Amino acid sequence: MQDVTDLPFWRLMAEYGGADVYVTEYFRVTADSRLDKWILQSITQNPTGRPVIAQMIGNDIPALVRTARELQHHPVAAIDLNLGCPAPVVYRKCAGGGLLRDPERIDRILGALRTAISGPFTVKTRIGFDDPRIFDQLLPIFEKNRIDLLTVHGRTVAERYTSEVHYDAIALAASTLSCPVIANGNIHSAGHAAHILAITGAHGLMLGRGAIRNPWLFEQIRQHQRGLPVTCPTGRAVLRYIHRLYESVSSPDVRETSQVQKMKKYMNFLALGVEPTGRFLHEIRRVTTTADFFAACRTFLDHDTPLPLIPYDLQLPKSDHLAGHHR
Ligand SMILES: Cc1cc2nc3c(=O)[nH]c(=O)nc-3n(C[C@H](O)[C@H](O)[C@H](O)COP(=O)(O)O)c2cc1C
C-alpha cells in the first residue's frame with residue numbers, strides 16, 4: 001500500500017507473525033521512469049524472510065516491459081500489474097483502475113508483459129470501473145494471457161473503499177480461471193477470513209487496512225485455521241504496537257511534526273477499531289507533538305480489556321459477523 005507498507009512496516013508485521021507473501025508499494029512506470037529506490041530496497045533488503053511480489057502501475061507498454069525486465073534481475077517471487085488504484089490522478093491517466101474502462105488495452109498490456117516476464121506474472125484488479133458487469137469481459141482476458149495469479153479487490157473503482165465488497169465476483173473469478181485467485185476487501189477478523197475463503201472458493205487472502213489496524217490478524221487467521229483459540233490483544237498491547245510503529249517508521253532526520261503526521265496516516269485505519277464514537281480519531285487528528293499523540297493514545301488504550309479491532313464503520317450484513325469476534 002502506497003506510503004504505508006514500506007520496509008520498516010513489513011519488518012514490524014513480520015514480528016507479529018506476518019504474511020506468507022508481501023507485495024511492494026507500486027512502482028510508477030512511465031516512458032522515463034526509473035525504479036524508485038526506496039521501494040526497490042524493500043526487495044533487496046527484504047526483512048520478512050518471506051517472498052516478495054513487485055507491483056507496477058502504468059499503461060506504457062515499452063516502459064512496463066522494460067521495468068518488468070529490470071525487476072527480474074532482483075529477488076522477486078512475481079511481477080504484478082495494478083489494475084485497481086482509484087486515485088483520480090492515476091485513473092484519469094488511464095492507469096491502475098482507469099484501465100478497467102478499456103479491456104482491449106488491458107489485453108495488449110498483458111500480452112506484452114506475459115512475453116517479457118519469464119517467471120510468475122500476477123495481476124491485482126478491481127471488478128470494473130463503474131460497472132461490475134465488465135468483469136465478465138475481463139476474466140477471459142486474464143485467462144487468455146496466462147497470468148499466474150489474480151488478486152481481486154471486490155469493488156469497482158467508483159466504489160473506492162467503503163461500499164460492500166462483491167464477494168460473488170471474487171467467487172466467479174475463482175470458479176472460472178485456471179490460475180489461483182486471492183480474495184481482497186474488508187477482511188477484518190479470523191472468523192471473517194474463514195467465511196470469505198468459504199464463500200468465494202479463493203485460494204488465499206490479501207489483507208490491507210486490516211493488517212494496519214490489527215497486526216495480529218495474520219497469526220489470528222492461522223490460529224483459527226488450526227482450530228486453536230484466537231489471541232485477542234488488550235488495549236495496552238495495542239498501545240505497545242503503536243509505540244513500535246512509531247519507532248519503526250521514525251528516523252532521526254525527520255521532524256517531529258512530520259513524524260506525527262505520518263502516524264496519523266496509520267491511525268486513520270487503526271482508530272476505527274478502537275472505539276465507536278470517532279472521538280479517538282478526532283483527538284489524534286488535532287495533535288502536533290509526539291507527547292500529545294501518545295497522551296491521546298493512552299486515554300483510549302491504557303487498559304487491559306481485549307480489543308477485537310474490528311472497524312466500527314463496517315456495516316456488515318449479520319451473516320458476516322462470524323466466529324470469534326463480537327462486539
Ligand atoms: C492508503 C492505501 C494505499 C494503497 N496502495 C495500494 C497499492 O500500492 N497497490 C495495491 O495493489 N493496492 C493498494 N491499495 C489497496 C489495498 O491493497 C486493498 O486492495 C484495499 O484497501 C482493500 O482491501 P482492505 O479492505 O484489506 O484494505 C491501497 C489502499 C490504501 C487504503
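Tyr16, Trp216 and Tyr241 form one aromatic cluster. The model is predicted, and a search of the whole structure finds 10 aromatic pairs. In one of these, the ring centres of Phe9 and Tyr266 are 5.6 Å apart with the planes at 20°, so the pair is stacked. Phe9 belongs to helix α1 (residues 7-15) and Tyr266 to helix α12 (residues 256-270), so the pair ties together parts that are 257 residues apart in sequence. Phe9 and Tyr266 are both buried.

A second pair has another geometry. The ring centres of Tyr91 and Phe129 lie 5.1 Å apart and their planes meet at 70°; because planes over 60 degrees apart count as edge-to-face, the pair is classed in that way. This pair also links distant parts of the chain, with Tyr91 in helix α4 (residues 88-91) and Phe129 in the loop between β4 (121-125) and α6 (135-144), 38 residues apart. Phe129 has a relative accessible area of 13% and is therefore buried.

Charged side chains also meet aromatic rings. Arg101 lies over the face of Phe129, 4.3 Å from the ring centre. Over the ring of Tyr161 sits the charged end of Arg126, at 5.1 Å from its centre.

The ligand is surrounded by 15 residues, and the closest are Gln55, Asn184, Asn186, Gly208 and Arg209. By class, this shell has five nonpolar, eight polar and two charged residues. In the side chain of Asn184, an N or O atom is 2.5 Å from an oxygen atom of the ligand. On its own the ligand has 620 Å² of accessible area, of which the protein covers 87%.

Key. Residues numbered from 1 in each chain as written. Predicted model: local features only at pLDDT ≥ 70, side-chain atom pairs only at ≥ 80, totals over all residues. Heavy atoms only, no water. Near = heavy atom within 4 Å. Polar contact = N/O pair within 3.5 Å; in protein donor to acceptor, adjacent residues only side chain to side chain. Areas by Shrake-Rupley, 256 points an atom, 1.4 Å probe, with all protein chains shown as cover. Nonpolar A, V, L, I, M, F, W, Y, C, P; charged D, E, K, R; others polar. Phe/Tyr/Trp six-rings, centres within 6.5 Å; stacked < 30°, edge-to-face > 60°. Helix = DSSP H or I, 4+ residues; strand = E, 2+ residues; numbered from the N terminus. Buried < 20%, exposed > 50% of the residue type's maximum accessible area, 1.4 Å probe, protein only. Lys NZ or Arg CZ within 6 Å of the ring centre and 35° of its normal.
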